[in-house]
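Please keep the sequence and the model in view while reading.

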Amino acid sequence: MDKDGEDRLIWKDNNSGRFSVKSLCGLLSPKPSTNNAFSFAGFWKGIVPPKVEIFCWMAIINRLNTRCMLVRRGILSSSESNCPICLVEAESVDHILLHCHKHWLIWSKIIKWWGLVWCCPKSFSDMWSQWSSMVHGNFQRKAWLMLFFSVAWSLWLLRNDLIFQQKTPDYDSIFFLIITRLCLWLKAIHSDFPYSPSDLIRSADGLLRWSNAHSFRIKNIWSPPMINRLKWNVDGSSLGKPGPSGIGGVLRNHHGHVLGMFSIPVGILDSNIAELRAIVKAIDLSASNCHLHHQHLIIESDSVNAIRWMNNPLSRHWKHHNLFSYVNRLKAYFVSITFSHIFRESNCMADGLAKQGVRRSSEFVAWL
Ligand SMILES: [Zn+2]
């Protein structure tokens with residue numbers, strides 16, 4: 001009843017009392033009972049093929065035709081509800097896409113590849129809620145959400161291949177498939193995304209770095225040092241985390257003339273440590289060459305971490321104390337050493353030497 005006593009219809013799910021399509025949609029949207037903070041934010045973005053979006057939505061609202069669902073509908077008997085992968089637990093959405101032991105190992109591997117650690121959530125919809133609130137930054141967030149879709153879709157296809165085509169799940173290639181799908185979807189949106197699936201499998205660093213570098217890349221090209229300065233461009237390359245690694249570097253003067261270079265195998269290392277070793281090697285070689293003493297050196301690397309460690313002693317890990325104290329002793333040979341970050345595209349000569357270094361059996365060092 002209105003204040004003035006007039007009787008009228010009101011829509012109680014809108015504050016104004018008037019009907020709106022939005023309030024009706026809100027009313028009809030599924031609200032998982034377990035998590036009031038549940039949100040589809042970031043879901044319907046069109047960043048992956050529609051069939052994949054729809055599949056994941058069906059999974060989140062628990063409408064997938066898993067064996068549990070088919071038993072509930074009377075299509076299978078209750079004795080046929082077991083998971084086709086582990087043959088132990090009932091095949092619910094939460095189990096087949098998340099909790100089944102081998103599948104959780106895949107999620108864990110992917111999450112670790114991104115550089116994070118995660119506890120297994122209690123449901124697939126909780127997984128989405130946590131996942132979608134994790135990573136920020138325009139490109140990075142897009143890639144992170146795509147990764148969720150890629151993992152869920154790949155696991156589901158794996159399960160379908162087993163059930164309908166009797167294909168034994170190939171857990172060795174699933175990681176590659178997940179990253180390949182991610183890479184293809186990224187390239188569909190960003191045609192200039194430079195990395196191949198193999199690049200990304202080696203390390204997620206390129207993907208994370210590209211997202212930060214994206215708006216600046218065109219401006220960033222290699223430039224020679226000022227007169228009376230010498231510039232090292234260095235790089236480290238690892239085939240794994242850790243894996244066989246190589247380091248490379250090239251020294252140039254203010255004309256851009258090459259004065260020296262190195263390409264060296266450094267054994268099994270993590271990529272960050274290979275990057276650090278490349279910097280240390282450049283300083284070490286410079287100290288061993290008396291023509292380079294009393295000079296201003298600039299060292300450019302495409303590793304954000306290695307450059308941060310060189311510039312900020314507080315960010316260093318105690319494990320690498322020996323390397324840093326060695327560098328400190330070598331600094332005495334030079335007037336100054338400056339460390340700066342350069343994007344990968346501008347560091348290609350050092351990158352090539354580092355990649356060659358991985359396959360070398362002995363050190364290559366040349367002074368010109
Ligand atoms: Zn299972």
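Which residues in H11 meet which residues in H12? The model examined here is a predicted one. On the H11 side, Asn272, Glu275, Leu276 and Ile279 take part, and they meet Asn305, Ala306, Trp309 and Met310 in H12. By class, this contact of H11 with H12 comprises five nonpolar, two polar and one charged residues.

Two packed helices are described by the angle between their axes and the distance between the axes. For H11 and H12, which spans residues 304-311, the axes come within 8 Å and cross at roughly 55°. That angle makes H11 oblique to H12, because angles from 65 to 115 degrees would count as roughly perpendicular and those under 35 as roughly parallel. The crossing of H11 and H12 is right-handed.

A second pair of helices can be read in the same terms. The axes of H7, residues 138-165, and H8, residues 174-189, cross at roughly 135° and come within 9 Å of each other. H7 is therefore oblique to H8, since an angle has to be over 145 degrees to count as roughly antiparallel. H7 passes H8 in a right-handed crossing. From H7, the contact draws on Ala143, Met146, Leu147, Ser150, Val151, Ser154 and Leu158. Their counterparts in H8 are Ile174, Leu177, Ile178, Arg181, Leu182, Trp185 and Leu186. Divided by class, the residues of the contact of H7 with H8 are 11 nonpolar, two polar and one charged.

Within this contact, Leu182 may be considered individually. Leaving aside residues up to four places away in sequence, Leu182 touches Ala143, Met146, Leu147 and Ser150.

H7 also packs against H2, the helix of residues 50-60. How do the axes of H2 and H7 cross, and within what distance do they come? The two axes come within 10 Å and cross at roughly 80°, so H2 and H7 are roughly perpendicular to each other. Val52, Phe55, Cys56 and Ala59 in H2 meet Phe149, Ala152, Trp153 and Trp156 in H7. The contact of H2 with H7 has eight nonpolar residues, with no polar and no charged ones.

The largest nonpolar core holds 41 residues, of which Leu97, Met146, Ala152 and Leu182 touch the most other members. At least two residues of this core are supplied by each of H2, H4 (93-99), H5 (101-114), H6 (124-132), H7, H8 and H10 (205-213). The largest share comes from H7, with 13 residues. A second, separate core has 29 residues, among them Leu230, Ala282, Met310 and Leu353. Met310 is also one of the H12 residues that meet H11.

Phe124, Ser125, Met127, Trp128 and Ser129 are buried in H6. The buried residues of H6 pack against H2, H4 and H7.

Is Ser198 buried or exposed? Ser198 lies in H9, the helix of residues 197-202. Ser198 is exposed, because 12 other C-beta atoms lie within 10 Å and a residue counts as exposed at 12 or fewer. Along the chain, Ser198 and Leu184 are 14 residues apart, and their C-alpha atoms are separated by 12 Å.

Several loop residues call for attention to the backbone. Pro242 lies in the loop between strand S1 (229-238) and strand S2 (243-252). The peptide bond leading from Lys241 to Pro242 is cis, with omega near 0°.

Asn228 is placed in the loop between H10 and S1. Although Asn228 is not a glycine, its phi is positive, at about 70°. Asn228 is exposed, with 10 other C-beta atoms within 10 Å. His294, in the loop between H11 (271-288) and strand S4 (296-301), likewise is not a glycine and has a positive phi, of about 60°. His294 counts as exposed because it has 9 C-beta neighbours inside 10 Å.

Note on methods. Residues are numbered from 1 along each chain as its sequence is written. This is a predicted model: local features need pLDDT of at least 70, side-chain atom pairs count only at pLDDT 80 or more; totals for chains, interfaces and linings use all residues. Axes are lines fitted to C-alpha atoms, for helices over the stretch in contact, and angles run from 0 to 180 degrees between N-to-C directions. Helices (H or I, at least four residues) and strands (E, at least two) are DSSP runs, numbered from the N terminus. A crossing is left-handed if the near helix is turned anticlockwise from the far one by less than a right angle, and right-handed if clockwise. Two residues are in contact if their C-beta atoms, placed from the backbone, lie within 7 Å. Ala, Val, Leu, Ile, Met, Phe, Trp, Tyr, Cys and Pro count as nonpolar, Asp, Glu, Lys and Arg as charged, and the others, Gly among them, as polar. A nonpolar core is a set of buried Ala, Val, Leu, Ile, Met, Phe, Trp, Tyr and Cys residues joined through C-beta atoms within 7 Å. A residue is buried if 20 or more other C-beta atoms lie within 10 Å of its own, exposed if 12 or fewer, and partly exposed in between; C-beta atoms are placed from the backbone.
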